[in-house]
Amino acid sequence: MKEVLEFLKENPTFYIATVEGDKPRVRPFGFVMEHEGKLYFCTNNQKNVYKQLKEKPYFEICTADKEGRWIRLRGKAVFNSTREIKEKALEIAPYLKTMYSADDNLFELFYVEDGEVTFCSMTGDNRTLKL
């Protein structure tokens, strides 16, 4: 978990893939945090990504570093947007306050359930771990 969180924070633009109907959709994300042993991400419930994850909760995230290493993280999105979680996210990433508050009806957080991460490199030094 710690290694995944560090990799995502060191490479803060990562891409999340979802499914809309029968077509893939990919977009950049940039927020990640750990809470009670789970990786959390956030979105706005007016966005298509939210609707896609509610309908088909399985997703994959991918990002790479400058040295040619990358990760693929896949799992099931479980939404948990309690006030406590929102406050923690806003504390960790104050820039989110320009879009959200702990009391609004837009801010949504989800964590990875049944997660699996694959660390990859151009040298073939790959390994897969369960979260």
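Reader: Which residues does Glu116 touch, not counting residues up to four places away in sequence?
Author: In this predicted model, Glu116 touches Arg72, Leu73, Arg74, Thr128, Leu129 and Lys130, with residues up to four places away in sequence not counted.

Reader: And where does Glu116 lie?
Author: Glu116 lies in strand 7.

Reader: Is Glu116 buried or exposed?
Author: Glu116 is buried, because its relative accessible area is 18% and buried means under 20%.

Reader: Which side chains does a polar contact join to that of Glu116?
Author: The side chain of Glu116 is joined to that of Arg74 by a polar contact of 2.8 Å. A polar contact of 3.0 Å joins the side chains of Glu116 and Lys130.

Reader: Is Asp114 buried or exposed, then?
Author: Asp114 counts as exposed, at 62% relative accessibility.

Reader: Now Glu36: what is its phi, and where is its place?
Author: Glu36 has a positive phi of about 50 degrees, although it is not a glycine. Its place is in the loop between strand 3 (33–35) and strand 4 (38–44). Glu36 is also exposed, with a relative accessible area of 64%.

Reader: Changing topic to helix 3: which of its residues are buried?
Author: In helix 3, residues 83–92, the buried residues are Ile85, Lys86, Ala89 and Leu90. They lie on the same side of helix 3, because they cover an arc of only 130 degrees around the axis.

Reader: Why would residues three or four places apart point the same way?
Author: An α-helix has 3.6 residues a turn, so residues with that spacing of three or four places point the same way.

Reader: What covers the buried residues of helix 3?
Author: The cover includes strand 3, strand 4 and strand 7.

Reader: On to strand 5: which residues form its covered face?
Author: The covered face of strand 5 (residues 58–64) consists of Phe59, Ile61 and Thr63. Tyr58, Glu60, Cys62 and Ala64 make up the uncovered face. In a regular strand the side chains alternate between the two faces of the sheet.

Reader: How do strand 1 and strand 6 pair with strand 5?
Author: Strand 1 (residues 14–20) pairs with strand 5 in the antiparallel sense over three bridges. Ile61 of strand 5 is the bridge partner of Ile16. Strand 5 also pairs with strand 6 (residues 69–79) in the antiparallel sense, over seven bridges. There, Arg72 in strand 6 is the bridge partner of Cys62.

Reader: How many residues stand between the strands in the hairpin of strand 5 and strand 6?
Author: That hairpin has four residues between the strands, and Gly68 takes a positive phi near 85 degrees in it.

Conventions:
Residues are numbered from 1 along each chain as its sequence is written. This is a predicted model: local features need pLDDT of at least 70, side-chain atom pairs count only at pLDDT 80 or more; totals for chains, interfaces and linings use all residues. Side-chain values use heavy atoms; hydrogens and water are left out. Helices (H or I, at least four residues) and strands (E, at least two) are DSSP runs, numbered from the N terminus. Buried means under 20% relative accessible area, exposed over 50%, partly exposed in between (1.4 Å probe, protein chains only). The arc is that of the directions from the helix axis to the C-beta atoms. Contact means heavy atoms within 4.5 Å. A polar contact is a pair of N or O atoms within 3.5 Å; within protein, one must be able to donate a hydrogen and the other to accept it, and residues adjacent in sequence count only if both atoms are side-chain atoms. Two strands pair if DSSP finds at least two bridges between them.
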